[in-house]
Amino acid sequence: MEAFFWGLRTRDSFSFSWPIGLTLAVCLAFTQTDFMLLMLAFVYRRTRRWHDDFESAGPGVRPTGMVIIPSLLRNEDDLNAITTTVESCATNNYPSELLIIASVDGRTEKPALYAQLARWVSEQHYPAHVRVCVAGTETRLGKMMAVEAGLSFAKKLVEKGELPELPQIYFSIDGDGTLGPHALERLAARITKPHPITGNPRRIVSGKICIRQDVFWHGWRELFTSKGFLVINVAREFVVSNVARHNWKLTPKIGVPGALYCCWTDMLLIAPHYMGFMKTIRARDWIRWWFGAEPPLFSRSNAPACPEALTGASDDTCMAFLASISQWKDGKLCLDAPRTPLHAFFAILKGFFLERSHDYEPEARVYTYTPSTWKGLWTQRVRWNASRFECAGRFWRSFWFHWEIGLPVGAHLSMVLHAVLEVAVYYLLLPYVFLGNNSALLGYAMGYAAQTFSHSLYTAMALFLETERKQFWRVLLCLPTAAFYLVAVNFAGCVYGVSRDLFFFGNKTNFAPEWTMKKGGCERIALAFRVRRFASLCVRAAIRGDVPLGWFWFGWTETPWTPSGFDGWTTGKKAQSIWSMGVPIVTEPIIPTMAAPLSPEELRASLRKIEIRPSAGQPAAVPANDEAHANEKPARVA
């Protein structure tokens, strides 16, 4: 380390700045390939005078669709949000049959609001091909369980004959979104469009998330408030991040926005079964696969479905992972593992360079809200940035065989390290190279200026590609504060959330109740929790000697001797102590008191007073040897 800093001091600035600048340029070319290619494509379309070729189809041309809108429905604001979303979907001019289900997560917890929602739906009048229904779970189970309840409701409609079959396409939208013109039909047109090489339809298509203009802009005065600062920076962030949804980077896109995407309904149907199937995969299956044995096949699995394993802070990422795993086979989606490692390698090449699973429709817009307080935004970003690690933990058995998803997931998980290195380069390395001294304040100013320049460049290119740039140009006003926002919210939230999930006791997001997470078999890496569990069991084994050896010593889930790592996450109750678990409850025996013995005369007098009667509703006892009375019916007791 001393030699490294000595080299920094003795060499001139140019000899250091040139290789660093070249490295940054190469990294930009690799990590921001989509910006470069999309800019070239945009210029090419403009020179050829190509425009948006979307045309609304006639009735029944598009596939039948189903929209399931999950909501907690805890107050009047939630009610207004979900009714607005239902209205937006029902009036979006989708040309084919459309089933809209407002699914409440915990409909019995606020029965008055649920009844109000059902009454509002019954009073609405929409086109004949649009049907709106209300469903939900009995108690709160999580967002994806509310979606599962909506799907179960649709199945019952099919069983009753009220629907000929389940709709072909599933549209996901949050309970506070407002759709842009023909958003649903644009998604349907994109997902059914054949691939130019393979001819297969797309597997999953993302929409564009936009912060509503009336949310992020209320004039110049609002810009200098805490709320105005946050919402306009979020709006700028979405303008830039939407570019990555084109999936034109070197590594494939592995996520979709839960606010708006669509996939085939078959994917939603098989998802719970695949989550259950993954629990049956063992390491020995993977080892045998390398030696020529057939891998575990989902198509032959009888494992029970586990929809709870889809629920959590990353339910939309679970659907994105399943879309990456799936392949078209004989016109149907197939989630079977490749036959050999060589087949897995070719699947990587196909997924990277030939046919990517994720597509994007840039004109399928949903206008949504954003948390406008520091606490709310911090909680959201901690959940977003930490959820990818948690979701990868659910699918790690599948990554053994499906390299086309395992490799990009590993690359995306490294974005945490990339964020740390990026901040280190901007605020430590570059200032030291150019200044050659320990002027911390000036070094910070130079790092901030460099980061602001890069954000300004990305924002300008993103607005250049945005067809509604006149609506979003005001996001340029937040560029002087964009670097501070990203470091204070995104970077710090990422480090905080991931650190808690990886090194401490897990990141408590409260996005799904703890009972659902337990039933789904979800876990956290949470090294501190596992070390504490191991140390506690060691002490108990040494003192009491009643704990058997097993992998649960290092685990997360509940056992007879250890509580679950999720205990108390949503209830707030203190988790049960290891010292009080697995111990049989010993109660003191009840010793009856003996009364004074009765004399023979007193005993005979007491027996004469006893009259045996049948209990209410029960027949009188029938003597075993009296067949004549055995078939008689007992008298009814009033």
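**View 1. Threonine 178 meets its partner in β10.** In this predicted model, threonine 178 has tyrosine 367 of β10 as its bridge partner. Two bridges join β5 to strand β10, which spans residues 358-368. The two strands run antiparallel. Strands of a sheet pair through backbone hydrogen bonds, either parallel or antiparallel.

**View 2. Eight strands make an open sheet.** Their order is β3-β2-β1-β4-β7-β6-β10-β5. The pairing is mixed. At the edges lie β3 (130-136) and β5 (178-179). Each edge strand pairs on one side only.

**View 3. Helices α4 and α11 against the strands.** Helix α4, residues 76-90, lies across β1 (65-71), β2 (98-104), β3, β4 (169-173) and β5. Helix α4 runs at about 170° to β1. Helix α11, residues 265-278, also packs on the sheet. Helix α11 touches β1, β4 and β7 (260-264). The directions of α11 and β7 make an angle of about 80°.

**View 4. A nonpolar patch on the surface.** Leu342, Phe345, Phe346, Leu349 and Phe353 form this patch. Together they have about 540 Å² of accessible area. Leucine 342 sits in helix α14, residues 341-354. Its relative accessible area is 52%, so leucine 342 counts as exposed, the cut-off being over 50%.

**View 5. Histidine 455 in helix α18.** Helix α18 covers residues 440-465. Histidine 455 is buried because its relative accessible area is 9%, and buried means under 20%. Leaving aside residues up to four places away in sequence, histidine 455 touches Arg236, Leu479, Ala482, Ala483 and Leu486.

Note on methods:
Residues are numbered from 1 along each chain as its sequence is written. This is a predicted model: local features need pLDDT of at least 70, side-chain atom pairs count only at pLDDT 80 or more; totals for chains, interfaces and linings use all residues. Side-chain values use heavy atoms; hydrogens and water are left out. Patches are made of residues with over 30% relative accessible area and no salt bridge: like charges are joined within 9 Å, nonpolar side chains (Val, Leu, Ile, Met, Phe, Trp, Tyr) within 5 Å. Accessible areas come from the Shrake-Rupley method with a 1.4 Å probe; for residues, only the protein chains shown count as cover. A salt bridge is a side-chain nitrogen of Lys or Arg within 4 Å of a carboxyl oxygen of Asp or Glu. Helices (H or I, at least four residues) and strands (E, at least two) are DSSP runs, numbered from the N terminus. Buried means under 20% relative accessible area, exposed over 50%, partly exposed in between (1.4 Å probe, protein chains only). Two strands pair if DSSP finds at least two bridges between them. Contact means heavy atoms within 4.5 Å. Axes are lines fitted to C-alpha atoms, for helices over the stretch in contact, and angles run from 0 to 180 degrees between N-to-C directions.
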